[in-house]
Amino acid sequence: MRKTLFLLLVICFAFSSCGKKDSSVTIKNGLVCEIDGKYWVGDTLTSNIIKSAEYTVITSTLANTTAKQLELFSIVLKGELKTGDYSLSVEGNQSYVEFTSTITKKDISSENEFDKFRSSEGKISIVKFDENHVEGTFNFTLVTTEEPKKTLKVTDGKFNIKISK
């Protein structure tokens, strides 16, 4: 009886811990998120931030050269970089996200074909910011810029990226 009860307790514990997300994951330099429920991790070597007078651009790529696959995030924040929330808009002069992917393109006839997405709604939050790095979170919806329209839901996004100098 004790063995059965112990085994039942172990099984319950195992199932209760399955599928839990670890919100304490520390990112050294890069960007992670879920795209339509699938985990996405940007390359830590190519993730960076470029600041100009009007915009801050956060980029991260995922490349598989063997399969000729490439995905690129470009998060464009309007105005001076500071902690706080940035609402994403489809308006041309506001903060937005662009996502380029050869993986979502189902009918690739050449390696230069890709889908280009732009944010339709969402939010980027800058949590920490200093002269060396920017850390934040994001959630948004992406829609292709051409017909037929495709939509991607980006959730649980986090980044901690060094600032290029």
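Colleague: Let us start with the aromatic cluster. Which residues form it?

Modeller: Trp 40, Phe 73, Phe 99, Phe 117, Phe 138, Phe 140 and Phe 159 form one aromatic cluster. The structure holds eight aromatic pairs. Rings of Phe, Tyr and Trp (its six-membered ring) pair if their centres lie within 6.5 Å.

Colleague: What makes the pair of Trp 40 and Phe 73 edge-to-face?

Modeller: Planes over 60 degrees apart count as edge-to-face, under 30 as stacked, and the rest as tilted. Trp 40 and Phe 73 are 4.9 Å apart centre to centre, with 85° between the planes. So the pair is edge-to-face by that rule. Trp 40 lies in strand β2 (residues 38-41) and Phe 73 in strand β5, so the pair ties together parts that are 33 residues apart in sequence.

Colleague: And how do Trp 40 and Phe 99 pair?

Modeller: Trp 40 and Phe 99 are also an edge-to-face pair, with 6.4 Å between centres and 75° between planes. Phe 99 sits in strand β7, 59 residues from Trp 40 in strand β2.

Colleague: Before we go on, what kind of model is this, and how are residues numbered?

Modeller: It is a predicted model: local features need pLDDT of at least 70, side-chain atom pairs count only at pLDDT 80 or more, and totals for chains, interfaces and linings use all residues. Residues are numbered from 1 along each chain as its sequence is written, and side-chain values use heavy atoms, with hydrogens and water left out.

Colleague: Why is Trp 40 called buried?

Modeller: Buried means under 20% relative accessible area, exposed over 50%, partly exposed in between (1.4 Å probe, protein chains only). Trp 40 has 4% relative accessibility, so Trp 40 counts as buried. Phe 99, with a relative accessible area of 0%, is buried too. Buried residues make up 34% of the 165 residues in the chain.

Colleague: Is Glu 71 buried or exposed?

Modeller: Glu 71 has a relative accessible area of 7%, so Glu 71 is buried. Its place is in strand β5 (residues 69-78).

Colleague: Which side chains make polar contacts with that of Glu 71?

Modeller: Those of Trp 40, at 2.7 Å, and Ser 101, at 2.8 Å. A polar contact is a pair of N or O atoms within 3.5 Å; within protein, one must be able to donate a hydrogen and the other to accept it, and residues adjacent in sequence count only if both atoms are side-chain atoms.

Colleague: How do you know where the strands are, and how many are there?

Modeller: Helices (H or I, at least four residues) and strands (E, at least two) are DSSP runs, numbered from the N terminus. The chain has one helix and ten strands.

Colleague: What makes β9 and β10 a pair?

Modeller: Two strands pair if DSSP finds at least two bridges between them. β9 and β10 have ten bridges and run antiparallel, so they pair. A hairpin of six residues joins β9 to β10. Phe 138 has Gly 157 in β10 as its bridge partner.

Colleague: And which strand does β1 pair with?

Modeller: β1 is joined to β10 by five bridges, and the two run antiparallel. Glu 34 has Thr 155 in β10 as its bridge partner.
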